[in-house]
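Try each one before reading its solution.

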Amino acid sequence: MLETYCPESSPSLFAFPREILFGCGAVKQLSARLAMMKCKHPLIVTGPNVAQRLLAKVISPDIYFSKTPSFAVERLNPTDKDVEKGSDIFAEQNCDSIIAIGGGSRIDVAKGIRVHAAYRYRDVLKQRGCLDNYYLDAGGESRIKNNLCPLITIPTVAGSGSEVSRGCIITDTTQNRKRLIASPYLMPSLAILDPELTLSCPAKQIAESGIDCLCHAIEAYVGTNYNPMAKGMARQAAAICYRYLPRTYHDDMAEAYGATPTRDCLEARGQMMIASATAALCFGKGLGVIHSLAHALSPVCGLSHGLAIALMMPIGMTFNLTHARRDYSELAYDIGCEPKCADDSGADELIAAVERTRRRLNLPTSLSEVGVKHEQIPELAEKAMLDLGHKTNPRACTLDDMKAMYERAW
């Protein structure tokens with residue numbers, strides 16, 4: 001369905017990344033790229049497992065990690081405290097840039113450090129370490145300017161899209177909920193997408209991150225912001241992800257039993273990296289209720305973001321059927337669902353396709369299965385209503401709607 005344009009609406013901002021370097025072996029250009037950007041003393045932000053597995057391979061001898069400041073983010077769902085700690089290291093070591101290596105949460109922390117390091121001594125910070133002024137729902141976008149240090153992102157799993165996006169999600173510990181920091185200036189200076197770096201990623205992480213990518217594409221396609229370019233890219237991202245995510249997951253399962261990675265395996269991983277970045281470029285069109293539901297589950301129940309998405313995705317899509325049937329049908333046609341038609345009859349098949357994908361990835365299907373307590377539902381619903389994602393959902397949400405969807409998922 002073509003995007004409709006209303007001349008009376010407010011102007012729209014279309015923001016896209018600076019540079020993406022893609023392909024097997026692309027990470028070998030890191031040192032040269034740092035030199036081009038005149039970055040001499042980067043801070044490496046990564047996770048504890050990635051530090052052991054990949055840093056020696058990624059960082060060339062002239063910036064070898066044992067001589068370069070690094071910060072390993074331990075938490076599955078990073079918080080403002082992680083940002084503050086990383087910013088302290090950045091300042092103490094007089095760093096001039098950041099290299100983020102790992103999954104989406106590690107890259108999000110790097111973005112948070114980038115903002116905090118730039119403004120930690122400004123008068124608007126009422127107390128040291130405070131991020132309150134930079135969350136989107138607090139008007140933070142207007143306070144972030146074009147004076148952030150260079151940031152190079154190197155994802156080791158495909159799905160979050162944080163490697164190219166203009167935002168980061170950080171858990172605000174004072175409110176125990178996830179909040180968004182976003183600005184066009186927050187887009188990474190360079191994203192290096194090297195499929196070979198995903199070869200050691202566990203299958204569980206491939207599944208959870210990949211289903212998040214598929215959700216990004218589907219939610220962005222039906223998002224209510226005007227962005228026709230994003231709508232076109234969302235269709236491509238959904239088709240790539242639906243085709244290559246199960247293949248990537250099952251290739252990884254085979255490797256766990258001793259199989260050697262093949263050219264087809266690297267092709268699938270490369271396609272998923274493209275899908276991840278493409279879907280993330282659609283964020284400007286908006287996400288939806290599925291992300292609001294998932295964002296509440298992580299701080300309250302300790303679930304990873306991708307797992308939370310997998311649990312809520314079919315239910316959130318079903319909730320939207322009355323307002324997104326034509327768009328869902330178009331996506332069903334694009335990804336090759338049967339019947340191959342672009343009328344409204346394909347919408348139910350798209351939801352069925354998502355459920356089949358979830359089963360193929362061996363992901364849980366109920367909240368009770370992963371330890372969420374029924375008495376947590378009221379708190380989850382309240383936090384989901386505070387999240388910005390549902391503001392661009394095709395169907396308006398109430399607190400009772402949120403409770404009902406959690407009930408269905410439980």
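**Exercise 1.** Which elements do the buried residues of α4 pack against?

*Solution.* This is a predicted model, where local features need pLDDT of at least 70, side-chain atom pairs count only at pLDDT 80 or more, and totals for chains, interfaces and linings use all residues. Residues are numbered from 1 along each chain as its sequence is written, and side-chain values use heavy atoms, leaving out hydrogens and water.

Start with the buried residues (under 20% relative accessible area, 1.4 Å probe, protein chains only). In α4 they include Val 83, Ile 89 and Phe 90. Next, look for their packing partners, with contact meaning heavy atoms within 4.5 Å. These are β2 (42-46), β3 (70-72), β4 (97-102), α5 (104-119) and β6 (167-172).

**Exercise 2.** Check the span of helix α4 (residues 80-92), then examine what caps its N-terminal end.

*Solution.* The expected span is 1.5 Å times one less than the number of residues. For the 13 residues of α4 that gives 18 Å, and the end C-alpha atoms are 18 Å apart, which agrees. At the N-terminal end, Thr 79 is the cap, with a side-chain oxygen 3.1 Å from the backbone nitrogen of Lys 81. After α4 comes Asn 94, with a positive phi near 55 degrees.

**Exercise 3.** Which residues of strand β8 (residues 190-193) lie on each side?

*Solution.* In a regular strand, side chains alternate between the two faces of the sheet. Leu 190 and Ile 192 are on one side of β8, Ala 191 and Leu 193 on the other, and all are buried.

Conventions. Helices (H or I, at least four residues) and strands (E, at least two) are DSSP runs, numbered from the N terminus. Buried means under 20% relative accessible area, exposed over 50%, partly exposed in between (1.4 Å probe, protein chains only). A polar contact is a pair of N or O atoms within 3.5 Å; within protein, one must be able to donate a hydrogen and the other to accept it, and residues adjacent in sequence count only if both atoms are side-chain atoms.
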